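Keep the structure open as you read.

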Amino acid sequence: MTDADQSLSVRDNRTGKDYTLEITDGTLRAADFAKIRTDEDEPGLALYDPGFTNTASCRSAVTFIDGEKGILEYRGYPIEQLAEKSTFLEVAYLLIYGELPSKEQYEQWVHEITYHTFVHENVKGFMHGFRYDAHPMGMLMASVGALSTFYPESNDIKDADNRHLQIVRMIAKMPTLGAWAFRHAQGKPFVYPDNELSYTENFLSMLFRMSEQSYAADPRIAKALDVLFILHADHEQNCSTNAVRSVGSSQVDPYSSVAAGVAALYGPLHGGANEAVLKMLRRIGSKENIPDFIQGVKDGDERLMGFGHRVYKNYDPRAKIIKKACDDVFEVTGVNPLLEIAQELEKIALEDDYFVQRKLYPNVDFYSGLIYEALSFPPEMFTVLFAIGRTPGWLAQWLELVQDKEQKIARPKQIYTGDRTVDFVPREERWA
Ligand code: CMC
């Protein structure tokens, strides 16, 4: 029975028939439209939504976003509070298990992750096989996927203990793989994890340690990186999370699903945007060139990278926190000269009708690249940092997916626009 208040009445003008469709949580079930058909032999109505701009693919309790108001919450906790008071590993636990850990749970979680940071020695071998100039995201994507071959039991996705073990392994090993991809490009020896260090300090050690006995990162830098990881940890049904869920819906192991997420994140419209922002700022070169650049954007010849978002029609709350983090990092490293251009660009864009009307504001990628560059990361590494931060979110969403009884293998419909029933003409006749 449909509650009359929570329903939609529609008339199919092709047949004159009336239908009542149930509304649940502000959505209609796409499957209900299939009941609307001109005759019994015809397929029913389907919905056409390229880019899923208005289609919910799942129910999720992981992350809440109100794009109009600029609100982001993980499991109900505001991102501002998590960034200020929590740690990345605590946030990872929160995302995955739905609640903040007790003292014992936290210590156990940190211990488990710390002791799974090492990878099989053979991983070194295949990482060395990449070309000297291989993009680290390509290396990360391949090596995360390859982990499934080291842990074949990971395809037993129905076993909760097994899932937990793979989740721990993946969060633990992502920094190792990311750091080794970086060292490979530099022609430097790989640095093994140091289990005496925190998650972020260990990552910095694997990136930058040379001959010293142990690497001591500046605590302000380690903290800033930890905050950046927190800010990137989840963002509900974005492109890469959708990729993880879509691939995971085939019930493949979590390493293969996360490799799909890394692949999606690699693209310049998603995680690759922070790299593109730096290139853009460098190309603009100085404040005097900003008006010409903005004109190019308005003429459709350029895109203002790091601006605009599918969901946020207000200032991205993560961009606000990152802008503040810039100050802490630049106190240690000195100011990035591109900051001046970025700030001026933001000021001009936020006053310009083109951006105001389209509600285009700075997103998470606008300022993060400036920090990463100040921390001595080359632009190719920026998306790797995003991927390390996003891993708990991908895994939380994957875990939710595999336990959701309503989920099925992802398989959208299409509107076929090609030819039908064309007789094949053999080559001799076609080429005669
Ligand atoms: N510069 C100039 N115009 C823009 C921009 C931009 N950065 N973003 C959107 N627009 C325009 C777009 O041309 C369109 O104009 P019109 O209505 O005249 O055709 C209008 O604004 C709506 O844009 P859209 O392309 O329909 O929006 P979308 O939701 O499909 O795309 C987006 C969202 C993030 C891909 C897009 O804003 C963009 O390309 N931004 C630059 C890349 C970027 O910074 N990406 C990082 C996103 S945040 C981190 C992440 O998710 O990875």
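In this predicted model, the largest nonpolar core holds 106 residues. Leu140, Val262 and Ile371 have the most contacts inside this core. Helix H18 gives the most to the core, with 12 residues. Where does this core lie? Domain 1 and domain 2 both give residues to the core, so it lies between them. As background, nonpolar side chains in soluble globular proteins tend to be buried together.

Now place the two domains. Domain 1 is made of two stretches, 73–271 and 376–403. Domain 2 covers 287–374. Their C-alpha centres lie 27 Å apart.

Next, look at where the domains touch. On the domain 1 side, 15 residues are in contact with 15 residues of domain 2. Which helices of domain 1 supply at least two residues each to this side? They are H2 (79–85), H9 (219–232) and H18 (382–403). H9 provides the largest share, six residues. The class make-up of this side of domain 1 is 12 nonpolar residues, three charged residues and no polar ones.

Finally, zoom in on Ile371. This residue is among those with the most contacts inside the core, and its position falls in domain 2 (287–374). Set aside its neighbours within four places in sequence. Ile371 is then in contact with Ala224, Leu228, Ile322, Ala325, Cys326 and Val329. Two of these partners, Ala224 and Leu228, have numbers that fall in H9 (219–232). H9 is also the helix with the largest share of the domain 1 side that touches domain 2.

Notes: Residues are numbered from 1 along each chain as its sequence is written. This is a predicted model: local features need pLDDT of at least 70, side-chain atom pairs count only at pLDDT 80 or more; totals for chains, interfaces and linings use all residues. Domain bounds come from an automatic or database domain assignment. Two residues are in contact if their C-beta atoms, placed from the backbone, lie within 7 Å. Helices (H or I, at least four residues) and strands (E, at least two) are DSSP runs, numbered from the N terminus. Ala, Val, Leu, Ile, Met, Phe, Trp, Tyr, Cys and Pro count as nonpolar, Asp, Glu, Lys and Arg as charged, and the others, Gly among them, as polar. A nonpolar core is a set of buried Ala, Val, Leu, Ile, Met, Phe, Trp, Tyr and Cys residues joined through C-beta atoms within 7 Å. A residue is buried if 20 or more other C-beta atoms lie within 10 Å of its own, exposed if 12 or fewer, and partly exposed in between; C-beta atoms are placed from the backbone.
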